[in-house]
Amino acid sequence: MRSAAGERKEILADIRFALAPGEVTALVGPSGSGKTTLLKIIAGLDHDFEGEVTIPAERLGFVFQEPRLLPWRTVEENVRIAAPQASNSDLEPLFNALGLGQHRRHFPGELSLGLARRAAVARAFAVRPDLLLLDEPFVSLDETLARQLQEELIALVERSCVTSLLVTHDILEAARLVERVIVLDGRPARMVADLAIEKPRAQRSATFVSSIADRIRSTRLTTS
Amino acid sequence: MIWRIASLAGFLLAWQLGSSLAGAAILPSPAAVLMALLEEARSGALALNLLATLARVAAAFTVAILFGSAIGYAMGRSATFDRVADPWLILLLNLPALVIILLAYVWFGLTEAAAVGAVAINKLPNTIATLREGARALDPALDEMGQAFTFDPLTRARHIVVPQLAPYLAAATRTGLSLVWKIVLVVELIGRPNGVGFAIGTAFQLFDVARILAYGLCFVAVMLAIETCLVQPLERHASRWRTRKA
């Protein structure tokens, strides 16, 4: 990767993993550890790397950290432009599940960040992705809003059984939501752990979640 | 609105006053200009010349905007192309309009194509420079979004690129229309047998100041109508997402 100043910098090294179909995996690590870069490499948006990415799936759903909606198109148009094949009966339940039913005709500038994020999530699901990439989709939302969106998102993921990769720096969030956690750390970032969380999401108590979080924390090389 | 009407009335009054001070031969009164205008309208010359000029404006403007946008976009997106083409652009920006017009007539004859081409080339560098700024300001984040969702080139152009370039296109259109019609008149004055420029040239040879003013004002009115009936509504449509606020 080349920085703005033009120096070459190694961000990621020795990363190797495979995702099982339908599995929800979190990619955890401190900020600046190259999680977003890894996501972009997987999505084919960043070509400046050595290695191999094989995606048997074709359609990709991407929820960026900022919603990245087209400001000059309405919420519904934003979704339809990305998913031209989606029918009204596909979109109706999706908009309703995300609480966007009232906002289909609104422009992104008229939405709060929470609603704009939901619109971005709706867009990613509308393409019926084979692989869903989520880049910190709950960051800078308040606790209640984040929880609400997490629940809606997980419900959608479970219903569509889509293979998902969630990038987050929030360890508790990962412990609560996913089935597998890959921890990145160091400079350049390497995989320091790959944990499976077998207990079904619905049965995870607060103590269980915090014990998992402690396990994830203990794998870190550096504490920052 | 009241101030606008008052201002316009003041202008007519000053005109009338100037006319009586300077003499009707040098500055004809508003009424004399109106008579000249009606006379031209009755003979059919006004419509013929206006249409000829408008057709040239439309043709030159379209050519300049199409080519200018394409070249400007390419220069804004590719640093190499920008470096190669920039000296040409500076040359073209600073070449006097008259030189381009005369050279076009010398090289290609007193033809319609030479006239329209010369006007288009005069407008071209300005469009290129404006659209280059627009292309440089394109948001890479939205570009990436389009790539991630595998937008085809047409979708990308229509929904990602053109809306971002709209303000720059509007600016190029604005300055373009006023620039183009002024240069079209010069082109017509020098080497065309019809059009507003030609009519004004003939009137000048006869020292018919009333006719010069009649054509001049008439043309301003036409351009004003295009601005309010075409350019402004289009701009409002393109920026509708900006104006509404929750």
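## Contact between the chains

In this predicted model, 17 residues of chain A are in contact with 15 residues of chain B; two residues are in contact if their C-beta atoms, placed from the backbone, lie within 7 Å. On the chain B side, α7 (140-148) and α8 (153-191) each supply at least two residues. The largest share, six residues, comes from α7(B). Helices (H or I, at least four residues) and strands (E, at least two) are DSSP runs, numbered from the N terminus.

By type, the chain B side that touches chain A has nine nonpolar, three polar and three charged residues. Here Ala, Val, Leu, Ile, Met, Phe, Trp, Tyr, Cys and Pro count as nonpolar, Asp, Glu, Lys and Arg as charged, and the others, Gly among them, as polar.

## Basis of the model

Local features need pLDDT of at least 70 and side-chain atom pairs count only at pLDDT 80 or more, while totals for chains, interfaces and linings use all residues. Residues are numbered from 1 along each chain as its sequence is written, and chains are lettered from A and ligands numbered from 1 in the order in which they are written.

## The sheet of chain A

In chain A, six strands make an open sheet of mixed pairing, ordered β2-β3-β4-β1-β5-β6; two strands pair if DSSP finds at least two bridges between them. The edge strands β2 (60-63) and β6 (190-196) have a single partner strand each, so one side of each is left without a neighbour in the sheet. Neighbouring strands are turned by 15 degrees against each other on average, direction ignored.

β1 (residues 24-28) and β5 (residues 180-185) of chain A are parallel and pair over four bridges. Within this chain, T25(A) stands opposite R180(A) of β5(A). Helix α1 (residues 35-43) of chain A packs on the sheet, touching β1, β2, β3 (131-135), β4 (163-168) and β5, and its direction makes about 155 degrees with that of β3(A). Axes are lines fitted to C-alpha atoms, for helices over the stretch in contact, and angles run from 0 to 180 degrees between N-to-C directions. α4(A) lies across β2 and β3 of chain A, at about 170 degrees to β2(A).

## Nonpolar cores

The largest nonpolar core has 65 residues, and L27(A), F62(A) and L133(A) are among those touching the most other members. Such a core is a set of buried Ala, Val, Leu, Ile, Met, Phe, Trp, Tyr and Cys residues joined through C-beta atoms within 7 Å, where buried means that 20 or more other C-beta atoms lie within 10 Å of a residue's own. Helix α4 (residues 113-126) of chain A gives the most to this core, nine residues.

How values were computed. A residue is buried if 20 or more other C-beta atoms lie within 10 Å of its own, exposed if 12 or fewer, and partly exposed in between; C-beta atoms are placed from the backbone.
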